[in-house]
Amino acid sequence: MGRQDVRADLDAAAVRAFTKHILEDLRALEHLITEGAIESAPRRIGAEQEVFLVDRGWRPHPVALPILEALRAPEFTTEIAKFNLELNLPPLELAGDCFTALERRLTILLGGLGTEAARHGAGVVLTGILPTINKSDLTLANITPRERYLALNDALTRMSGGSYRLHIQGTDELHIEHDSVMLEACNSSFQVHLQVGADEFPAMYNMAQAIAGPVLAAAVNSPLLFGKRLWAETRIALFQQSIDTRGATPHVRDLTPRVRFGERWVRDSILELFQEDVARIPALFVSPSTEHAFDVLERGGIPKLHALQLFNSTVYRWNRPCYGVLDGRPHLRIECRTLPAGPSVADEVANAAFWAGLMLGGSATYGDVADRLDFDDARANLLAAARRGLNAGFTWLGGASISARELILGELVPIADRGLTDAGIDRDARERYLGIIAHRVETGRTGARWLLQSLAGMGRAGTRAERLAALTAATAARQANGTPGHEWAPAAIDEGGGWRHNYLRVEQYMTTDLYTVKEGELVDLAAFLMDWKHVRQVPVEDDARRLVGLVSYGAVLRLLAESPGRDGAVTVPVTEIMDPNPITVRPETTTLEAIRLMRDHCVSCLPVVQDGTLVGIVSVGDLVPIAERLLAHKLDDD
């Protein structure tokens, strides 16, 4: 996705021309493989780090572009949202102290980023999903204004019919709809690349698929989205659903999702994966290509395969096959996309070392796992890990059932150690990074567990926004110390920097657990809800959950006073007494504006509406804590 010259207007002629280039690139890659031109040594490892930028209230801060302009560092680049950045680390030869060097380099670069971010009123946080992110942060106003992101949004929105739906169920349940690709901006990962030879690619790729579940189980760090407790690694469900453009069909037909694990083992070549994707998945956009791969080959050059690489960048396999050219030599890589960002740099590098060691040691120990593990079991293992983390159970080689902890500690960590040893990785590095994995698994203290236990430990202290801000602040503080996540003390409510930042907008404290009535229902039902829940207003919705009015306690009293008897009020629908045009606000409305509206219109509550749909309500009672804290602060100052 590094190219800027992309187009989302897929006219037939442009698609045909682009497809021709993709097919030519595939034939050129086949030629390179057949001729033995693909580099087989040295083996290299690389990584991409995604980060969130936050403001002083620990909310997403869309200042990526001015920060990049000030940094002018080639390692940093944009991501889809203006509150995300990506850091690309140059490849290192997999030997000696490469993982120590990776951690050192990443720490230095993130330190420089943090220093520059501070000049723009921002902080840097490594986490799979930012706890404080809200749906209102995901507007197109926050999309990075680069042609490739705008084209991506246009193409996916067109294919999805203009609506993106999420339905994820964990401890809580999230069921929402959105209007742009910006849901993808909730995710932040640490992607690891391993260079492999053409001949070994099938067995190595199959190994990556087999270990995807166990490696993720030890690395989960994304249990929260919009304040809901969902999967241990919610990124997996979020990314798959947010990029899913498949429509329903009138019969049971298999349609290939753009984000996926895959359908079968690789038997012969990397070409199988590319060919499957080209055959099943439509291009999102096209790009004019000046390269004709076979012309480059005839001149003795190495083609970049631009068309194939652009197409491949919009197909999101969890283990992505990659082609590249480094120092004039073509190579193949496997990119692990399942790992989240965080909890710390040390944790991320430990995850990378564990994965790379298993790739090498697993291949040496097991051979081609395609002969020993059912593909559907490998796919199910990944989903189990994403849902339950270290509490997952797996189906392993030979159909054996085993817990995640038993498999990782009893079998996989030793195999990873052998793989790293055979690659020439220093003993100190092996002990440090695999030790982090082992201790994390032994204690069960993944990043996901730390977040959930910290949240539970806060109980009902503060508002939900304050608790989520405290989690984010604590994450940033402990990352700065450099200690692995399994050693972190729980987050405390006072780490969020105080209450002021958490009452800036109504979405931070509005009530979302609503009791409503439908427009045809009885006034008696509204009165019952008021009495039962001790509220003075009940919103009225239609069948599409659009707000159509507001019934107040005063309106019910007036009806009862005017009715000849109680039976006269029983059959009256709420539409007869509701206010059909209540004063409303949007989730991003500031608290000061909400207070002004209440005062000017003499109302005690404001329904919160987004695109006509009721999403919450804010009342005078919600503002009382602000007044109490302001008064306490004033008394302290006096």
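This is a predicted model: local features need pLDDT of at least 70, side-chain atom pairs count only at pLDDT 80 or more; totals for chains, interfaces and linings use all residues.

## Helix packing and burial

Helices α5 and α11 are roughly parallel to each other, because their axes cross at roughly 15° and angles under 35 degrees count as roughly parallel. Helix α5 spans residues 201–217 and helix α11 residues 375–388, and their axes come within 8 Å. The crossing of α5 past α11 is left-handed. On the α5 side, the contact involves Gln209, Ala210, Ala212, Gly213, Leu216 and Ala217, which meet Phe375, Ala378, Asn381, Leu382, Ala385 and Ala386 of α11. This contact of α5 with α11 comprises 9 nonpolar and 3 polar residues, with no charged residues.

A second pair is formed by helix α14 (residues 447–458) and helix α15 (residues 464–481), whose axes lie 10 Å apart at an angle of about 130°. Helices α14 and α15 are therefore oblique to each other. Here α14 passes α15 in a right-handed crossing. Helix α14 contributes Trp450, Leu451, Ser454, Leu455 and Met458 to the contact, while α15 contributes Arg467, Ala470, Leu471, Ala474, Thr475 and Arg478. The residues of this contact of α14 with α15 are 7 nonpolar, 2 polar and 2 charged.

| Helix pair | Axis angle | Axis distance |
|---|---|---|
| α5 and α11 | roughly 15° | within 8 Å |
| α14 and α15 | about 130° | 10 Å |

Burial is described for helix α17 (residues 553–562), in which Ala555, Val556 and Leu559 are buried. These residues lie on the same side of α17 because they cover an arc of only 100° around the axis. Arg558 and Ala561, on the other side of α17, are exposed.

Notes:
Residues are numbered from 1 along each chain as its sequence is written. Side-chain values use heavy atoms; hydrogens and water are left out. Buried means under 20% relative accessible area, exposed over 50%, partly exposed in between (1.4 Å probe, protein chains only). Helices (H or I, at least four residues) and strands (E, at least two) are DSSP runs, numbered from the N terminus. The arc is that of the directions from the helix axis to the C-beta atoms. Axes are lines fitted to C-alpha atoms, for helices over the stretch in contact, and angles run from 0 to 180 degrees between N-to-C directions. Angles under 35 degrees count as roughly parallel, over 145 as roughly antiparallel, 65 to 115 as roughly perpendicular and the rest as oblique. A crossing is left-handed if the near helix is turned anticlockwise from the far one by less than a right angle, and right-handed if clockwise. Contact means heavy atoms within 4.5 Å. Ala, Val, Leu, Ile, Met, Phe, Trp, Tyr, Cys and Pro count as nonpolar, Asp, Glu, Lys and Arg as charged, and the others, Gly among them, as polar.
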